[in-house]
Protein chains: 2
Amino acid sequence: MAYAYWKSGRVKDVAVFDLFFRQNPFGGEFTIFAGLGECLKFLQNFHYSDSDIEYLKTTLPASIEDEFFVFLKHLTTNDVTVYALEEGSVTFPRVPLLRVEGPLIVVQILETTLLTLVNYASLMATNAARYRLAAGKDVRLLEFGLRRAQGPDGGLSASKYSYIGGFDGTSNVLAGKMFHIPVKGTHAHAYITSFSNFSDLQTKMLLDRITGDEKDMLQLSLHWRVPLSGLLDILTDEASDGELAALISFAIAFPDGFIALVDTYDVKRSSLIGCRSGLLNFCAVAMALNDLGYRAIGIRIDSGDLAYLSNKAREVFVKISHKYNLPWFAELQIMASNDINEETILSLNEQNHKIDCFAIGTHLVTCQRQPALGCVFKLVEINGTPRIKLSQDVVKITMPGRKDAYRLYGADGHALIDLLQRAVENPPEVGARVLCRHPFQESKRAYVIPTRVEPLYKAYWSGGKVRDPLPSLEEVRLRVQSSLQTLRQDHKRNLNPTPYKVQVAVSDDLYNFIHDLWLENAPIGELS
Amino acid sequence: MAYAYWKSGRVKDVAVFDLFFRQNPFGGEFTIFAGLGECLKFLQNFHYSDSDIEYLKTTLPASIEDEFFVFLKHLTTNDVTVYALEEGSVTFPRVPLLRVEGPLIVVQILETTLLTLVNYASLMATNAARYRLAAGKDVRLLEFGLRRAQGPDGGLSASKYSYIGGFDGTSNVLAGKMFHIPVKGTHAHAYITSFSNFSDLQTKMLLDRITGDEKDMLQLSLHWRVPLSGLLDILTDEASDGELAALISFAIAFPDGFIALVDTYDVKRSSLIGCRSGLLNFCAVAMALNDLGYRAIGIRIDSGDLAYLSNKAREVFVKISHKYNLPWFAELQIMASNDINEETILSLNEQNHKIDCFAIGTHLVTCQRQPALGCVFKLVEINGTPRIKLSQDVVKITMPGRKDAYRLYGADGHALIDLLQRAVENPPEVGARVLCRHPFQESKRAYVIPTRVEPLYKAYWSGGKVRDPLPSLEEVRLRVQSSLQTLRQDHKRNLNPTPYKVQVAVSDDLYNFIHDLWLENAPIGELS
């Protein structure tokens, strides 16, 4: 296509494209914009290498003129300007996330990469933000999804954008290294099953933190298992010795970071519930660690009825805490994993779970409920002339021309509406009445008197340079939360959220501009 | 976890892990195994770099002994052996795709990456193979999904594994360059809308292939639009001049590769159908090209009723073919895009569509119907001792021990059953009766007399080396189709496919082995 533009002599043509989506994902009423940082890095590094050009020569038809490859070789993004929302902002359908201006050919070449960089990033950040809203701010959320992502690099994007969206850490160590995201993990079931019995325990000794003496953790744990067995009403027979050996070895390796998977020998029998072996063994090792001056972190439950098991575990921890006067024991962390999604969390909330931390993989990284955000890239102006794409489907009609966007805030400080205007219009003013119109339904319109007007676009790329230093991942992450706070609660709820006004409002001027162009371009049919 | 193993002195422990999934994706009865090539490359390149170790030192607790980092620095995969199915094979739930043997610590460190490399690759190849089955072998399938993938690298994996699964090409030029996959694309709607009228056409001339004379393509196309308008019953008024200008410029750039998007000005009015402007303009340009000795390729339709429009377009092509005695014109390619998935193709088949080529993006690369294959990695043996993981859920019980797998074929040449055996058992023999049992249901068993026995595993990695040269992408792609051919048609159909016998069969010996271990490991409860 670039060659066709070039061959048509359209090298000097200048175009404006909007990158936007038409529908919020996950049945929700908001989207988080992410991926801008990667877009800017892409613009910075954009060029055709010699090997790219060699390859293109082999795949494009032999009739392609050599000069075109010279043209490609010297192609840069220096004449491109990118306006964008701030990364991490809440946004809505049809408000362009990026407005990309510049040489038609170059901008068209950028299309697919910009879409790729924004689509999944925004989808993932939105998904993560929804999990955060569902879980509440006091619960820790960890991303455990690498194994189910679209390959290793898909996994890195997942880690990065779920952190931005509000997760607290990842199990992906490379993501930790590359993006400075906190890395958290526990052990696997295989760690437990790799120990058959006490003879697999080659090291039993741990230094007492206070006295510095070596103590026998196996002896101490076995010693504790007896009274705890009575207290918790779990027979020591029910507890697996292989599991105890595994937990002891893990505690010796990480005396200050002891977190144990407790459902490996989770065999439900008659009226008994699972995790009994794991709970008893964990508590015995945690008490042994306590004897030596260390505090355990907690447990992970990876199967079964998470609400019920977390309550049982919390009861057990409270019981021990009271009996041995160890207040911190009641606060031991309960982590849950196992195929968790947004609905699971909401359902667990209703059942008053006692989980402090969710580790979430598959549903988070694949965005199972809707694995793609449908961002599109549409031409809206060329050489100063607005372009409109008509469609049988009104929602697919593009908004022509170079536009600016403003967020108007109401008296209570919440965002009221996003308004698109022609770029030549004056910005809306605080305290002045603004007519906001539905772009396609004539009768849908409202006056708004904003208490605050936030211009949504900033030029992030122009003259071949990133205009401001890029915000850190931390800053973008904070922006997500502060931006979400400007949104009324009812827009954010999971079930039947209130729509954020019309899809997007347009100014009266833009409304007329669209409809004039529409009439001008739509052919008149004949009834037959 | 690696540190805990190390600290427990388990450096010499040797383990066997199975990598497998428990359910076929997409409600189907088969899965394509892919990703082995990448796994082997990963094993080849596996090491901890100095910067990795520096990073780990900053994230792991300060109590970690320095010697452990020295240990990591010298860690290799030289003592690991990987047995696997042939990449591109049809496979079934619970038959391990990989059997990974070697030092417990190393194998455990490999877990997540191996899962990542196999999960999406197999899911994607399976999805692509299903599209191929739905579309039939004569329709071309192109992957157009980069913009909806999990970032640029997710997109590369999507291109690669959809090619393996049976697609014919991709729109991802980098995938073409890296993997030698045929690259195909068309132009975008923006190309059409960037032309307003004939004055945007800066070059109108094209060389006559025969005479070498320069001819005016605009004049020729306009000339052709008149008789074609009558023949096709489309008014020249209905055809957009901007669109014609765009198509002419594209034809001049790619006279031998002229394929046109025909639905840009697709406005449905009264009884008329869309694409009328595009069809008339395309045919006019195609006839103009024909005058100069070039043959157009075809059209792409990106909206509307694809079955109806493809039939209309084919009628138009046939009409012109007859009228002007140009047999090839009747065969012009009709490409369809726009949110196509497996069900769309099946439904279009029922409507007798006339589409030659589908360009598929979102649903293909995100595997929307099921965006993750649930591969797991389970410990089955340690230091020669089998390990079993029990679960309340029978499907989650692991198959203990080092196992081999065989595919048994019936008299008609189709695959009958996959049989798992203990590695110490003799392979099944052609013509000899083999007792095949359901692993968990005692009464489900059958005798099979195989006409062919295919050992499924081969050692692909041992002694720090890839054992055989890796097959090319082409070879793996062929393997997918030949492997699918061994499967009976009813296992492959989209609606209610016949299950491939039991999930997986086990030999009588393995059956008893599993159940003995199960009893040995399951605690006995008390009724209360």
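Biologist: What makes strand 17 of chain B and strand 23 of chain B a pair, and in which sense do they run, parallel or antiparallel?

Modeller: In this predicted model, strand 17 of chain B and strand 23 (residues 505-507) of chain B share two bridges in the parallel sense. Pairing requires at least two bridges, so the two strands count as paired. Within strand 23 of chain B, B:Val506 is the bridge partner of B:Leu420.

Biologist: How do you know that strand 16 of chain B and strand 17 of chain B pair?

Modeller: Seven bridges join strand 16 (residues 403-409) of chain B to strand 17 of chain B, in the antiparallel sense. At least two are needed, so this is a pair. B:Asp404, for example, has B:Gln421 in strand 17 of chain B as its bridge partner.

Biologist: Why is strand 17 of chain B called largely enclosed?

Modeller: Six of its eight residues (residues 415-422) are buried, so the rest of the structure largely encloses strand 17 of chain B.

Biologist: Why is the contact of B:Arg130 with B:Glu342 called a salt bridge?

Modeller: The closest N and O atoms of B:Arg130 and B:Glu342 are 3.0 Å apart. The cut-off is within 4 Å, so the contact qualifies. This pair links distant parts of the chain, helix 5 of chain B and helix 14 of chain B, 212 residues apart.

Biologist: What makes B:Arg130 buried?

Modeller: Buried means under 20% relative accessible area. B:Arg130 has 3%, so it is buried. B:Glu342, at 5%, also counts as buried.

Biologist: Why is B:Arg488 called partly exposed?

Modeller: Its relative accessibility is 26%.

Definitions and conventions:
Residues numbered from 1 in each chain as written. Chains lettered and ligands numbered in written order. Predicted model: local features only at pLDDT ≥ 70, side-chain atom pairs only at ≥ 80, totals over all residues. Heavy atoms only, no water. Buried < 20%, exposed > 50% of the residue type's maximum accessible area, 1.4 Å probe, protein only. Helix = DSSP H or I, 4+ residues; strand = E, 2+ residues; numbered from the N terminus. Salt bridge = Lys/Arg side-chain N within 4 Å of Asp/Glu carboxyl O.
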